[in-house]
Amino acid sequence: MPNATWTRRHILSLADFTADEYDIVLQTAASFQEVLGRRMKKVPALQGLVVANLFFEPSTRTRNSFELAAKRLSADTLNFSPGSSSLTKGETILDTAKTYLAMGTDMMVIRHRQAGVVASIASSLDSSGSSVRILNAGDGQHQHPSQALLDLFTICRLIDPDRPRIELLEGKKIAIVGDILHSRVARSNIWSLTATGAELHLAGPPTLLPELFAEQGKDRPGKLFLHWNVEPALENADFVMTLRLQKERMTDSLLPSLREYHKLFGITRERLKTCKPQVKILHPGPVNRGVEISSDLMDDPDFSLISQQVTSGIASRMALLYLLGSGKNNK
Ligand code: CP
């Protein structure tokens, strides 16, 4: 276990996460993974606390795994659906959050389609003197910290299931391929993976991988590389993360066609031949089958970690709720 103790009160972004914080999350998640392997999968760690899932944008994986994680920790959970809430009567997002606070909510897990909204709610509630803890479950194209942390846990656990830690990624080559422009998952993964000893290679068409992404790696020399074709990113890669084409976020015509995209950037068995023989594929989901990845490869357990990512999400999110919810001195 790292010597450092956990002091963070909100998890809004991974931009300022430290190596010790990554290791604390990984090791706490490993302990909860062990709990989830028992017959009795529940622990009383957050008994009496209330966790509210405020998802202003659709979700399957993140919302349900945060809910299950909270329940496994014995917290009480509140779920919110925008369409059946008082938002439809004109209530603001901040007033919605304050309403949940007034009901005694200790932790809020918030997703919103606009970047910055989650941080703005955290800042307003902090200013009002509240001690509520806030987890960003995805804000626009900005950040998706819990996804990147579960991705890190999935990769490290594959290498050492008992003691996942970031030093295991020393010398590994990881490729992220696809719609990086619209991806909060990629932005969070760039922070986490460049904090390790891995080399991170981004690949996508120029319209979906603008050069400004090089900025995120400028303080971490030798860690981040950009490619506008897929081959150099895949060569000798240990892990390949492919991303969903986010058609709902595309405002212009950024691609000739989905078929053309698959031909140039789709992850297929043929393409994997230049990777390391034991290469593994990740995808945060949901997947456009046959677009960013061939359907057969997605379902092949010899290559695909996609189901393991979903499974790892529960222990990882238990770790995040536990670290924020159990801390007495979190700032
Ligand atoms: N990866 C992810 O955020 O999936 P959901 O949108 O289903 O939560």
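Arg-269 is partly exposed, at 36% relative accessibility. This is a predicted model. Asp-296 is partly exposed too, with a relative accessible area of 40%. Asp-296 forms a salt bridge with Arg-269, and their closest N and O atoms are 2.7 Å apart. The pair links distant parts of the chain: Asp-296 sits in helix H10 (residues 295–298) and Arg-269 in helix H9, 27 residues apart.

Now take Arg-271. Its side chain meets that of Glu-231 in a salt bridge (3.9 Å, N to O). Arg-271 lies in helix H9 (residues 269–272) and Glu-231 in helix H7 (residues 231–234), so the pair ties together parts that are 40 residues apart in sequence. Arg-271 is buried, because its relative accessible area of 18% falls under the 20% cut-off. Glu-231 is partly exposed, at 46%.

Side chains of opposite charge can pair when their charged atoms come close. The structure holds 15 salt bridges. One of them joins the side chains of Arg-184 and Glu-57 (2.8 Å, N to O). Arg-184 belongs to helix H6, and Glu-57 to the loop between strand E1 (50–55) and helix H2 (61–72), so this pair ties together parts 127 residues apart in sequence. Arg-184 is buried, at 8%. Glu-57 is buried as well, at 13%.

With E5 and E6, helix H6 makes a right-handed β-α-β unit. Strand E5 (residues 173–177) runs parallel to E6, joined by 5 bridges. Here Ala-175 stands opposite His-201. E6 also runs parallel to strand E7 (residues 224–227), through 4 bridges. There, Ala-203 has His-227 as its bridge partner. How enclosed is strand E6? 4 of its 5 residues are buried, so E6 is largely enclosed by the rest of the structure.

Conventions
Residues are numbered from 1 along each chain as its sequence is written. This is a predicted model: local features need pLDDT of at least 70, side-chain atom pairs count only at pLDDT 80 or more; totals for chains, interfaces and linings use all residues. Side-chain values use heavy atoms; hydrogens and water are left out. Buried means under 20% relative accessible area, exposed over 50%, partly exposed in between (1.4 Å probe, protein chains only). Helices (H or I, at least four residues) and strands (E, at least two) are DSSP runs, numbered from the N terminus. Two strands pair if DSSP finds at least two bridges between them. A crossover is right-handed if, with the strands pointing away from the viewer, the path from the first strand over the helix to the second runs clockwise. A salt bridge is a side-chain nitrogen of Lys or Arg within 4 Å of a carboxyl oxygen of Asp or Glu.
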